[in-house]
Amino acid sequence: DPLDTSALTQTDLIPLPEAYRSIHFPSSKDIHWQADKRLSFNEHLRINLQNQLENLSLGSSISLRINPQITQHTQNKLPFELTPDQQKTVSSIYKDLKQTTFTHRLIQGDTGSGKTATLLFAADQCISQNLSCVLMAPTEILASQHYQTFSDFSYYPQNVQLVTGQNKEPFADGKPMIYIGTHALITQIPDNLAYPIAFVAIDEQHKFGVRQREALIKRTPIPHLFNLSATPIPRTVALGLLGYIETSNIRHKPLNRLPTKTFVTTPAHFKKSSAWLTQKLQEGNQIFIVCPNIEEHSQNIASVQKISTQYRKIIPAEYPVLSLHGRMSSEEQNRILDTFKKSGRGVLVATSLIEVGIDIPQANIMIIHSAERFGLAALHQLRGRVGRGEGQGFCFLVPTTDDETETERLQLLQKYHSG
């Protein structure tokens, strides 16, 4: 038995020989459960020991000395106080960064809970100690938004660089940097940097493959790894439960945020909503409208082209109805988003391109046409684009036909607000 008597007492487990005997010839249901518990414990212990040995075989990571003054400087730059969950997550990140061995942490929090803000503290600590760090996002829109956030709120704004396929700026490696970008980071960051990478953070982790995520950390010394997601993939959740990775949960949104009200409504009923939508626009709200297709392939399935035309007919002319989709160039996409954000009014009809990372506090209404064509994770992420300010957020799920309204899957979005 690998466990001595004191360990057995502490864990309330039976000895291994007794467990093997009782799993086959139990004298009672309770004894059978005790035997099952002991053998399960052994399996989890084996997995944990294997994980520890694997991490040790990866080589050493850079250990940081956390400077409280830099933490205070970062907090002073932010226009808000961190929530208790965010503070706890920052402490956990600091604990990881102090380690000389590789650490892997999932930062799980609902859309709009402030996961990215916690990385600002880690990034500033890196720069202060002449080390670099990386933040990878799945889309250029999201990468550009993170770049803007770090440029505005990092204590070292001059040490931030955007790395995307479209960005032709020369790669900066003459000083410690916060590299923010898309998949382009995998190929553009040299293996050997003068200012090595202390950590790699992957936003919207569920959007990347395992090999893509691993490609960034295959370097010496091996960077610490942080995955961020509101809807983590089941594999990652399982790895957390089995002890392969640590998990930090940001359960609470900032105090001024209201839960987004979600409704599943029939197309026929939704056609009567034009007066309500106009009223909301007059109150200063902006509206997101999402469709699964760009052009009309099927008579019933919603498309950006068709829905844009419909809304231009029912929305008063003084409110612009803009269109956004993946066939547009990155420059055009950014221009349209910038126009929509700065105007503070109007409607944006888009594909699921806006699923991750778009942060427009005045946009409080999300309408998803042909909602049954999207997965639950995508619907939850899209809902997270609204209600990011102090106003009440609304999300309407409009199925293609009336008979799909009662689908159990869409009703789950009404019932649950957590990813």
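1. Phe 199, when its neighbours within four places in sequence are left aside, is in contact (heavy atoms within 4.5 Å) with a set of residues that includes Leu 97, Leu 119, Ala 123, Val 134 and Phe 226. The model is a predicted one, in which local features need pLDDT of at least 70 and side-chain atom pairs count only at pLDDT 80 or more, while totals for chains, interfaces and linings use all residues. Residues are numbered from 1 along each chain as its sequence is written, and side-chain values use heavy atoms, with hydrogens and water left out.

2. Phe 199 is also among the residues with the most contacts inside the largest nonpolar core, which has 31 residues, and Leu 119, Phe 150, Ile 178 and Phe 226 are the others named. Such a core is a set of buried Ala, Val, Leu, Ile, Met, Phe, Trp, Tyr and Cys residues joined through side-chain atoms within 4.5 Å, where buried means under 20% relative accessible area with a 1.4 Å probe, protein chains only. To this core α6 gives the most, with 7 residues.

3. A second, separate core of 28 residues includes Leu 337, Ala 350, Val 386 and Leu 410.

4. Helix α6 (residues 115-128) packs against helix α7 (residues 140-153) at an angle of about 55°, their axes (lines fitted to C-alpha atoms over the stretch in contact) being 11 Å apart.

Methods:
Axes fitted to C-alpha atoms, helices over the stretch in contact; angles between N-to-C directions. Helix = DSSP H or I, 4+ residues; strand = E, 2+ residues; numbered from the N terminus. Buried < 20%, exposed > 50% of the residue type's maximum accessible area, 1.4 Å probe, protein only.
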